[in-house]
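Let's take a walk through this structure together. Have a look at it first, and then we'll go through it piece by piece.

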Amino acid sequence: MIKYVCQICGYVYDPELGDPDNDIEPGTPFESLPDDWVCPLCAAGKDQFEEED
């Protein structure tokens, strides 16, 4: 699964881990995150994330 990096703070969303603090189950692809999901570190929107190289 592709990881995504927040361009503001550098947080990496790893689909294999999900975001359990925000009720996102492990195995959830970035594309399937709710539209109102934000970076857990800096609250940036999904549009501030890019695929990790």
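Lys 3 has a relative accessibility of 33%, so it counts as partly exposed. Keep in mind as you look around that this is a predicted model. The side chain of Lys 3 meets that of Asp 14 in a salt bridge, with 3.7 Å from N to O. Search the whole structure and you'll find one salt bridge. What does the pair tie together? Lys 3 sits in the segment before strand 1 (4–6) and Asp 14 in the loop between strand 2 and strand 3, so the bridge links parts that are 11 residues apart in sequence.

Now for the other partner. Is Asp 14 buried or exposed? Its relative accessibility is 14%, and the cut-off for buried is under 20%, so Asp 14 counts as buried. The loop that holds Asp 14 runs between strand 2 (12–13) and strand 3 (49–51). The side chain of Asp 14 also has a polar atom 3.0 Å from the backbone nitrogen of Glu 16.

Three of them form an open sheet in the order 2-1-3, and the pairing is antiparallel. Strand 2 and strand 3 are the edge strands, each pairing on one side only. Between strand 1 and strand 3, the antiparallel pairing runs over three bridges. If you want to find your place there, Val 5 stands opposite Glu 50 in strand 3.

Next comes the largest nonpolar core, which has 11 residues in all. Among them are Tyr 4, Cys 6, Tyr 11, Tyr 13, Trp 37 and Phe 49. Pick out Tyr 11 and see what it touches: leaving aside neighbours within four places in sequence, its contacts include Tyr 4, Val 5, Cys 6, Trp 37, Cys 39 and Phe 49. Gly 18, Asp 19, Pro 40 and Leu 41 are also among the contacts of Tyr 11.

Finally, let's check the cysteines. How many disulfides does the structure hold? The count is zero. Cys 42 is in no disulfide either.

Definitions and conventions: Residues numbered from 1 in each chain as written. Predicted model: local features only at pLDDT ≥ 70, side-chain atom pairs only at ≥ 80, totals over all residues. Heavy atoms only, no water. Helix = DSSP H or I, 4+ residues; strand = E, 2+ residues; numbered from the N terminus. Polar contact = N/O pair within 3.5 Å; in protein donor to acceptor, adjacent residues only side chain to side chain. Salt bridge = Lys/Arg side-chain N within 4 Å of Asp/Glu carboxyl O. Buried < 20%, exposed > 50% of the residue type's maximum accessible area, 1.4 Å probe, protein only. Core = buried A, V, L, I, M, F, W, Y, C linked by side-chain atoms within 4.5 Å. Contact = heavy atoms within 4.5 Å. Disulfide = S-S within 2.5 Å. Pairing = 2+ DSSP bridges.
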